[in-house]
Amino acid sequence: MDFEKQAALSRLQRLLDENEATAGMYARAHGKNLIMGREDTYEGTTEKVDMVRLTRQTQSRFALRYTRHPGRWERLPFTGDMTELVQLLQGSLAHVVAPF
């Protein structure tokens, strides 16, 4: 992973950890996407469940998407910098990332 992507991932994880609505979420990089989710435990097995992603559009702008069904990403009508989109997830879209 290149330095720029690692720095963005570290920044995203800090933003998630700073707010109660997104605390406990993980962040990971996949291609030009920064994916966020939560761990879910069912019958003694824990797995990571991807919930939302930021897709890089320019150096500092991202598009926000979420998954309703595993493997299918739905577009949301929101773009912005990382901080703006995380604040949106922590505010009016907190239900999308609420713990299970």
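Reply: Two strands are said to pair if DSSP finds at least two bridges between them. Helices (H or I, at least four residues) and strands (E, at least two) are DSSP runs, numbered from the N terminus. The model is a predicted one, in which local features need pLDDT of at least 70 and side-chain atom pairs count only at pLDDT 80 or more, while totals for chains, interfaces and linings use all residues. Residues are numbered from 1 along each chain as its sequence is written, and side-chain values use heavy atoms, with hydrogens and water left out.

In this model five strands make up an open sheet, in the order β1-β2-β3-β4-β5, with antiparallel pairing. Its edges are β1 and β5 (72-80), each of which pairs on one side only. On average, neighbouring strands of the sheet are turned by 35 degrees against each other, direction ignored; axes are lines fitted to C-alpha atoms, for helices over the stretch in contact, and angles run from 0 to 180 degrees between N-to-C directions. Helix α1 (residues 3-17) packs on the sheet and touches β1, β2 and β3, contact being heavy atoms within 4.5 Å. The direction of α1 makes about 160 degrees with that of β1.

The pairs may now be taken in turn. Strand β1 (residues 26-30) is joined to strand β2 (residues 33-42) by five antiparallel bridges, and A29 stands opposite L34 in β2. These two strands form a hairpin with two residues between them, where G31 in the turn has a positive phi of about 60 degrees.

Between β2 and β3 there are ten bridges, again in the antiparallel sense. Here I35 stands opposite R53 in β3. The hairpin of β2 and β3 has two residues between the strands, and E43 in its turn has a positive phi of about 50 degrees.

Strands β4 and β5 pair over six antiparallel bridges. R65 stands opposite R75 in β5, and the bridge partner of A63, also in β5, is T79. Two residues separate the strands in the hairpin of β4 and β5, in which G71 takes a positive phi near 90 degrees.

On a 1 Å grid over the protein atoms alone, a pocket is an open set of points where a 1.4 Å probe fits, with protein on both sides within 12 Å along at least five of seven lines; lining residues have an atom within 4 Å of a point. The lining has 13 residues, with V49, D50, T67, H69 and P70 nearest the centre. Its largest share, five residues, comes from β3.

As for confidence, pLDDT is the predictor's confidence in each residue, from 0 to 100. The protein chain has a mean pLDDT of 94, and 99% of its residues reach 70 or more. Confidence is lowest in β4, at a mean of 92.
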